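These are my notebook entries on a structure that I looked through step by step. I wrote down each term where I needed it.

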Amino acid sequence: MTFLNMFSMGGVGVMQFASRPVYQTASAAYPPAQAFAMLFLFFLIPLVIGYILYFLTPEADHG
């Protein structure tokens, strides 16, 4: 369980560092509200990929 928690919290940390260049690039080209919209889109993409992988995973047989 600790190993799983380490990877989930590590992923959050990596995404925080990865979001900075996305926001800086977007804020240089767009007004602040649109730059934050780009940042939310950046976080939405891995979330959608995770949902797709979750829903495509077959159920385990417990019977």
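This is a predicted model: local features need pLDDT of at least 70, side-chain atom pairs count only at pLDDT 80 or more; totals for chains, interfaces and linings use all residues.

Entry 1, surface. I began with the term accessible area, which comes from the Shrake-Rupley method with a 1.4 Å probe, and for residues only the protein chains shown count as cover. With that in hand I looked up the accessible surface of the protein, which comes to about 5600 Å², and 74% of it belongs to carbon and sulfur atoms.

I counted helices and strands as DSSP runs, numbered from the N terminus, where helices are H or I with at least four residues and strands are E with at least two. The protein comes to 2 helices and 0 strands. Its radius of gyration is 16 Å, well over the 11 Å that the globule rule gives for 63 residues, so the protein is more spread out than a compact globule. Here the radius is taken over C-alpha atoms, and the globule rule is 2.2 Å times the number of residues to the power 0.38. Along the principal axes, the C-alpha atoms fill a box of roughly 55 × 25 × 10 Å.

I used buried for under 20% relative accessible area, exposed for over 50%, and partly exposed for in between, with a 1.4 Å probe and protein chains only. Buried residues make up 6% of the 63 residues. I looked up S19, which sits in helix 1 (residues 2-29) and is buried at a relative accessible area of 11%. V22, also found in helix 1, is partly exposed at 24%. H62 lies in the segment after helix 2 and is exposed at 76%; its C-alpha atom is 35 Å from that of G13, 49 residues apart in sequence.

At what angle do helix 1 and helix 2 pack? I found about 145 degrees, with the axes 9 Å apart; axes are lines fitted to C-alpha atoms, for helices over the stretch in contact, and angles run from 0 to 180 degrees between N-to-C directions. The contact (heavy atoms within 4.5 Å) is made by residues including M15, A18 and Y23 of helix 1 and A35, F36 and P46 of helix 2. Leaving aside residues up to four places away in sequence, S19 touches L39, F42 and F43, and V22 is in contact with M38, L39 and F42.

Entry 5, aromatic rings. Rings of Phe, Tyr and Trp (its six-membered ring) pair if their centres lie within 6.5 Å, and planes under 30 degrees apart count as stacked, over 60 as edge-to-face and the rest as tilted. The structure holds 5 aromatic pairs. In one of them, Y51 and F55 have ring centres 6.3 Å apart and planes at 25 degrees, so the pair is stacked. These two residues are 4 residues apart in helix 2 (residues 32-56), and so are separated by about one helical turn. Y51 is partly exposed at 48%, while F55 is exposed at 62%. The rings of Y54 and F55 have centres 5.2 Å apart and planes at 75 degrees, so that pair is edge-to-face.

Conventions:
Residues are numbered from 1 along each chain as its sequence is written. Side-chain values use heavy atoms; hydrogens and water are left out.
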